[in-house]
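Subject: Structure handover

Hello,

Here is the structure for your files. My notes on it follow below.

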Amino acid sequence: RRSVTFCRQVNLPIVGIIENMAGLVCPHCGQSVDLFKKGGGESLAQEMETRFLGRIPIDPAIMLASDQGQAAVDGRCPDAMAQIFTGIVQILDQQSAHADPRSEQLAGAVSPSAVEPRLTIAVPVADQRLSPHFGHCPDVALIEVDQPNKTIVGMRLIPTPPHEPGRFPAWLREQGAGMVIAGGMGQRAMQLFAQAGIPVVTGAPSQPPEVVVAAWLQGQLETGDNACSHGPDEAHTCSSSHG
């Protein structure tokens, strides 16, 4: 669910959902046993209004073939498994023959209205520019954008709250933020944002926040290394701030 939400917020095309680990194929009798609840992938596809592509069970033969660099559909795996993979590929092949590959209509289920047209992007700010270190920013710019028209429709600058471990992602969500663009962010903070369902883009340049967001809207944002991804011997405090 978080992956679908992330893809829609950053305008990545969604082909569909595959239910992975859908049962375990016994290597002796070939029968499939349901280790987990069945139908979760299909239910999620209906909930998120995207196409359900199929179920793939766990099969030791697939693992062995993969370790040997062999495809699952070239006769080295059971026919039933090969048919499952081939069936999914055929669905994708049929869809791509009639649609632009960059469109969500490739999946045949997600309408343009399913992608939120308005998105609020949070940018950490220091001295009126994007702050290189997310945890050290005194303010956050909340920039509302119109995604279909690729325009900025509003911006407000708010001070960050007093430091409280684990609070920052929830606080930004309360402010309506659906995405973060930052220069650097510690791994722990990124995990917390992922858990909150807020995608994060790191490595953005230290420019005015509206310039950064405008570049992202046009697909022209050039990102570098995460400024907080230090080596194990380098001292830093990024991951401990607000995360």
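Helices (H or I, at least four residues) and strands (E, at least two) are DSSP runs, numbered from the N terminus. On that basis the protein chain has 7 helices and 9 strands. This is a predicted model, so local features need pLDDT of at least 70 and side-chain atom pairs count only at pLDDT 80 or more, while totals for chains, interfaces and linings use all residues. Residues are numbered from 1 along each chain as its sequence is written, and side-chain values use heavy atoms, with hydrogens and water left out.

Confidence

pLDDT is the predictor's confidence in each residue, from 0 to 100. The mean for the protein chain is 76, and 77% of its residues reach 70 or more. Residues 98–115 stay under 50, and the model gives them 37 contacts beyond four places in sequence (contact means heavy atoms within 4.5 Å). Residues 229–243 are also below 50, with 30 contacts in the model beyond near neighbours in sequence.

The chain as a whole

Of the 243 residues, 40% count as buried (buried means under 20% relative accessible area, exposed over 50%, partly exposed in between, with a 1.4 Å probe and protein chains only). Among contacts between residues at least 6 apart in sequence, 58% join residues at least 24 apart.

Strands

Two strands pair if DSSP finds at least two bridges between them. An open sheet of 3 strands has the order β2-β1-β3, with mixed pairing. Its edge strands are β2 (32–33) and β3 (52–58), each of which pairs on one side only. Strand β1 (residues 17–25) runs antiparallel to β2 and is joined to β2 by 2 bridges; L24 has V33 in β2 as its bridge partner.

Further along, β6 (residues 139–146) and β7 (residues 151–159) are antiparallel and share 8 bridges. They form a hairpin with 4 residues between them, and K150 in that turn has a positive phi of about 55 degrees. D146 is opposite T151 in β7.

In α3 (residues 60–67), the buried residues include A61, I62 and A65. These lie on the same side of α3 because they cover an arc of only 100 degrees around the axis (the arc is that of the directions from the helix axis to the C-beta atoms). After α3 comes G69, with a positive phi near 70 degrees.

W171 sits in helix α5 (residues 168–174) and is buried, at a relative accessible area of 8%. Leaving aside neighbours within four places in sequence, W171 contacts V140, I158, P159, T160 and P161. T160 is 11 residues from W171 along the chain, and their C-alpha atoms are 9.1 Å apart.

Nonpolar cores

A nonpolar core is a set of buried Ala, Val, Leu, Ile, Met, Phe, Trp, Tyr and Cys residues joined through side-chain atoms within 4.5 Å. The largest has 19 residues, of which I121, V123, M179, I181, V213 and W216 touch the most other members. Two or more residues come from each of β4 (118–126), β6, β8 (179–181) and α7 (209–217), and α7 gives the most, with 5 residues. Not counting residues up to four places away in sequence, V213 touches I121, V123, I143, V145, I152 and I181. A second, separate core has 17 residues, among them V140, L142, A182 and M185.

Regards
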